[in-house]
Amino acid sequence: MNYSKKLSLPNGFVKYPTVLSPMAGVTDPPFRRLIRELSQDRMGILVSEFISTDGCDPFSLKNRKQASFSQEERPFGIQIFGRDPERMANAAAMIETLSPDFIEINAGCPVPKVAGKGGGAGLLKDLPRLRKIIAEVRRVIRLPLTLKCRLGWDEESINVMETLAIAEGEGIHWLTVHGRTRVQGYNGFADWEKIGEVASQAKIPVIGNGDVVSALGAIEVMNRYPVAGVAIGRGALHNPWLFGQIASLCDGKEVSPISAREVVQTFFRYYDLMIEIGAFPEGALGRLKQLAARLCKGFSPSLPNFRQDLLVSQSVDAFMERAKMFMESECDGYYFEPERLLNLNGKSSEEIIFERQFKR
Ligand SMILES: Cc1cc2nc3c(=O)[nH]c(=O)nc-3n(C[C@H](O)[C@H](O)[C@H](O)COP(=O)(O)O)c2cc1C
């Protein structure tokens, strides 16, 4: 593995070259803690969901649920997005008082209500503005500042090398590159050759992102391209044990199989973590179903009725009762094989297609 540019923070090297990529509506504190716990603390970095800096005063920002985190999550970064350099700087200064390990600027979000207004991936259409935002934020904080971007706005305006140059010039600590354009959204495949090109030219560490769904896949891209690590988003929802499995391979150990019982036990732990931060049972039920919908698809042999029963549960009690019944009398002989559901975007081709999800 190419560790020439190891990920580090002021208090030392990051233990493993892995990042749980931020996902709004998914990577909240209970999910992040679950992911770190399931890795047995053998993963790299956790990042918050993105936090808007538009139209909010510093006080409401400080109280934002998305900015809260626990000490167990460290190393942990808070990600912000917006289009206004002054607001971004004010937000960053406020967030610094919460003492995360780093602050990240989002230049990758493709959704129209963010990118269409010039924030997120919209900044890739206006690199002078991106430079100004980085410079203003850098001026007011002492914490490391990182950047997450896409390859460019569309296939005709790939400008990730210019983004890299700006990042390096303005003191960005590391750059995460999601190997798609904004108009691609989540369609097609991430272009790892391009990510590799960025990483090989960069003086700062580059983290590659896009379509990593297995431990072997993670090791493969880290061997093939000079990235300092991989950021994994959707793959963590399909296989929350992925980070520990990558760590095992990094340490020269074997990846142990996960039983269906362990999967179902995870639902109980996830629920406890949600209740600990004050979640309402109705909200928690939605999140439990979000996880169960994916994980139970990976059961081998397949067990469609169990998955269906969980998904139609009308209450947390009903969900948990069904889960307990499974653990008590049905789970022997069932394994979890996430490879069964690893196609994140429903395509079988290996070809990189700049298929559009969003309008230009
Ligand atoms: C539901 C969802 C929410 C996301 N929210 C964010 C976000 O808040 N900030 C961000 O930088 N990226 C966000 N992303 C993008 C992911 O972090 C990641 O870059 C992308 O999914 C590609 O990686 P993957 O193939 O490993 O999922 C989101 C992705 C998804 C699917």
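Helices (H or I, at least four residues) and strands (E, at least two) are DSSP runs, counted from the N terminus.

Quick housekeeping: this is a predicted model, where local features need pLDDT of at least 70, side-chain atom pairs count only at pLDDT 80 or more, and totals for chains, interfaces and linings use all residues. Numbering starts from 1 along each chain as its sequence is written.

Back to α8, residues 215-224: Ala 215, Ala 218, Val 221 and Met 222 are buried. They span an arc of only 135° around the axis, so they sit on the same side of α8; that arc is taken from the directions from the helix axis to the C-beta atoms. On the face turned away, you get Leu 216 and Asn 223, both exposed. Buried means 20 or more other C-beta atoms within 10 Å of the residue's own, exposed means 12 or fewer, and partly exposed is in between, with C-beta atoms placed from the backbone.

Now the ligand. It has 23 residues around it, the closest being Ser 21, Met 23, Phe 50, Gly 233 and Arg 234; the cut-off is a C-beta atom, placed from the backbone, within 6 Å.

Last, the sheet: it's open, antiparallel, three strands, ordered β12-β14-β13. β12 (258-259) and β13 (299-300) are at the edges with a single partner strand each, so one side of each has no neighbour in the sheet. Pairing takes at least two DSSP bridges, and β13 with β14 (335-336) has two. Ser 300 stands opposite Tyr 335 in β14.
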